Amino acid sequence: MATTFSDIAPLLAEQAIELPSWAFGNSGTRFKVFATPGTPRTPQEKIADAAQVHRYTGLAPTVALHIPWDNVDDYAALGTFAKDQGVALGTINSNTFQDDDYKFGALSHVDPQIRRKAIDHHLECIDIMHATGSRDLKIWLAEGTNYPGQGDMRARQDRVAESLRTIYAALADDQRLVLEYKFFEPAFYHTDVPDWGTSYAQVAALGDRAMVCLDTGHHAPGTNIEFIVMQLLRLGRLGSFDFNSRFYADDDLIVGAADPFQLFRIIAEVIRGGGYANPDVAFMLDQCHNVEDKIPGQIRSVLNVQEMTARALLLDREALAAAEEAGDVLGANAVFMDAFYTDVRPWLAQWREGRGLPADPFQAYLDSGYAQRIAEERVGGTQASWGA
Ligand code: PSV
Ligand code: MN
Ligand code: MN
């Protein structure tokens, strides 16, 4: 029997998407960062903005922090502040890419003292996780080389493994390490964790609470990302997503903007593999809003994820399986495409209203006057930016 909207309603109610604190700061390219009035100046203001997204969509109950960009004296108090705003603090992201010492690597550096410094930064992040009640430590390594021969790739890999072992050993039993991969940038010849296979090999050597983070923008163009999703779920190591979209490289644009069909295919595979509404697989955004307003940009993003999730949940799996088994190539593809082409927006609007949310969260936010208020109130101080 075909899946209906009422069948999927309870599953949709379970959706939770984590927002990155850095999405609320100003960002840009190496050519120019355009500032926006009302941009947060403190971690508290970023959290307050993130809470607006949750308030109008009901989809974004947690906010990820980036250390040291979100440094505060009292993280437990920051957690209480978040709670008062209606959200909770989530993943803690480490940062080993903005210190001169890390020019030639951090966890992979040849100098044991620099490796130690990078490891200690992660131990500090774990302390913060204790104060915030965060489960996940997310590590993205900006290390690698620019020229063949510049470094010994094998020795670097071994040093990353050893450093990760030390960090993993410091986690509490209910905490996880999530290792992100990226095939280029800032290093351009090789990166030390370039692909899901390397991330998998590294985390598998650590233990059950080490997982892979899949950032949708971190693959070569044309990569079949849903295949990677399938494989990591199959191996029990898909820990989280960093959702965003891209036309060219790591563009960090609004998820579902560049290729909604790819987002649909990814989420369909998550559902197929038991990763949907499964706390083991965290849905997060990793985006920057260079020219669009940030809060509406995040609202649009979580709604895009919700819409593609609804479509993917509507996929008639029985009909699909029957067509697949019968070797009915076009029939199977038609079942798949039917779900993708279903316009779920009118139904989602109604469903939201039934749950006490605005039918159109985007418009409700624009009408709320919040943007005008923060533009007036947040004068003086330094606006946050991606990187501060
Ligand atoms: C850099 O590519 C990056 O976008 C990674 O995806 C991290 O998740 C993020 O920055 C924050 O460190
Ligand atoms: Mn990322
Ligand atoms: Mn990235």
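## Two helices that cross

Helix axes here are lines fitted to C-alpha atoms over the stretch in contact, with angles taken between N-to-C directions. With that in hand, let us look at this predicted model. Helix α3 (residues 75–85) and helix α4 (residues 112–132) have axes that come within 8 Å and cross at roughly 45°. Since angles between the roughly parallel limit of 35 degrees and the roughly perpendicular range of 65 to 115 count as oblique, α3 and α4 are therefore oblique to each other.

The crossing of α3 past α4 is right-handed. On the α3 side, the contact is made by Tyr75, Ala76, Leu78 and Gly79, and α4 contributes Ile128, Ala131 and Thr132. By class, this contact holds five nonpolar and two polar residues, with no charged ones.

## The barrel

Now to the strands. Eight of them form a closed barrel in the order β1-β2-β3-β4-β6-β8-β9-β10, with parallel pairing. From one strand to the next, the twist averages 30°.

Strand β1 (residues 17–20) pairs with strand β10 (residues 282–285) in the parallel sense, over two bridges. Helix α6 (residues 196–204) lies across β6 (176–180) and β8 (210–215), and runs at about 165° to β8.

## Around ligand 1

Which residues are found around ligand 1? They are Asn93, Trp140, Glu180, Lys182, Asp215, Asp242, Asp250 and Asp286. This shell divides into six charged residues, one polar and one nonpolar.

Conventions
Residues are numbered from 1 along each chain as its sequence is written. Chains are lettered from A and ligands numbered from 1 in the order in which they are written. This is a predicted model: local features need pLDDT of at least 70, side-chain atom pairs count only at pLDDT 80 or more; totals for chains, interfaces and linings use all residues. Two strands pair if DSSP finds at least two bridges between them. Helices (H or I, at least four residues) and strands (E, at least two) are DSSP runs, numbered from the N terminus. Axes are lines fitted to C-alpha atoms, for helices over the stretch in contact, and angles run from 0 to 180 degrees between N-to-C directions. Two residues are in contact if their C-beta atoms, placed from the backbone, lie within 7 Å. A residue is near a molecule or strand if its C-beta atom, placed from the backbone, lies within 6 Å of it. Ala, Val, Leu, Ile, Met, Phe, Trp, Tyr, Cys and Pro count as nonpolar, Asp, Glu, Lys and Arg as charged, and the others, Gly among them, as polar. Angles under 35 degrees count as roughly parallel, over 145 as roughly antiparallel, 65 to 115 as roughly perpendicular and the rest as oblique. A crossing is left-handed if the near helix is turned anticlockwise from the far one by less than a right angle, and right-handed if clockwise.
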